[in-house]
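Dear colleague,

Please read them alongside the coordinates.

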Amino acid sequence: MATSEELFGDDSKYVTCSSDVNGAVPLPDSFKYTAVNVAGPGLQQDPSEIVYSGCDCTLPSCGQHCPCIQMFGPSYTEDAKLVTSSSQTLSSTDNDIITKPVLECSASCKCSSECINRVVQNGPRFQLQVFNTTTKGWGLRAVEKIPKNAFVCEYAGEILTDKEAKKRTDALTGDDMNYILVVKENISDEKVIRTNIDPAIIGNVGRFINHSCNPNLFQVVVRIENEIPRVGLFAVRDIEALEELSYSYWGDTKQGQLDGMGRLHKPCYCEGPNCSGFLPIDASLF
């Protein structure tokens, strides 16, 4: 069996495989692990290209006068938890959780890697484990307790153009999993910024997280180096050790509905009290 270092690259310090995997490798031979987003076919910009100018803060950790923090206000607490307000409802039954924009310090900033405004870019900080679920194939679970609002991991992969995302979706068979996450940011009534993240071929540990209609993780859009967003997954509530991690896939879940290729929605096995019975599908991919 491949080692954790071989499977999970830079994240292997915090990500392992369960011993019950029995020699199976949870990744296809052609898969390449990446801890951060990479450019997919036809994308004109490198997702890791440093475009934003950095702060000149001379202290190891930035304070309230840092221009990066002042852009949208403080994003993280001293213990690296996401700052939320009373207007942000972080209910585990909500499919669309709205949080304010997050701008982290970047490599162009003078602060240290331990800066309070560097969380998602530093990767996982809690022990996570890939394991074989009973009904959902591979899954990801917490090895230790994770507190509410703590960062768990990123959902990273290839950043695809809309054309490439639709091409890959059209090529899927009824047995294939669709890993493409479509991030839609409403800038105004008439403008929506769309980003397609696909970890199917090149990606990180986020690809193992299953859907739940009652998830314990929520998605936060974070920008660091440039305007291409990164997606951080944070704890909706306190998560117990050995609890499976899950988030809500975005899309429609009407029972019996066919997708854009005439295929039925895949069944959902989350067993939550509010389970819709089917996995969501983003119709814009067809």
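A residue is called buried when its relative accessible area is under 20%, and exposed when that value is over 50%. Please keep in mind that this is a predicted model.

By that cut-off Cys 17 is buried, because its relative accessible area is 16%. Cys 270 also counts as buried, since its relative accessibility is 16%.

How many disulfides does the model contain? The count comes to 0 disulfides, where a disulfide requires a pair of cysteine sulfur atoms within 2.5 Å. For Cys 270 the closest cysteine sulfur belongs to Cys 268 and lies 3.6 Å away, which is too far for a bond.

Turning to the strands, there is an open sheet of 3 strands in the order E1-E5-E6, and its pairing is mixed. Its edge strands are E1 (15–17) and E6 (138–142), each of which pairs on one side only. On average, neighbouring strands of this sheet are turned by 30° against each other, with direction ignored. Strand E5 (residues 128–132) runs antiparallel to E6, and 5 bridges join the two; within this pairing, Val 130 has Leu 140 in E6 as its bridge partner.

Elsewhere, strand E7 (residues 151–155) is mostly covered, with 5 of its 5 residues buried. Strand E7 is joined by 4 bridges to strand E13 (residues 230–235), and the two run antiparallel, with Glu 154 standing opposite Gly 232 in E13.

With best regards

Technical notes. Residues numbered from 1 in each chain as written. Predicted model: local features only at pLDDT ≥ 70, side-chain atom pairs only at ≥ 80, totals over all residues. Heavy atoms only, no water. Buried < 20%, exposed > 50% of the residue type's maximum accessible area, 1.4 Å probe, protein only. Pairing = 2+ DSSP bridges. Axes fitted to C-alpha atoms, helices over the stretch in contact; angles between N-to-C directions.
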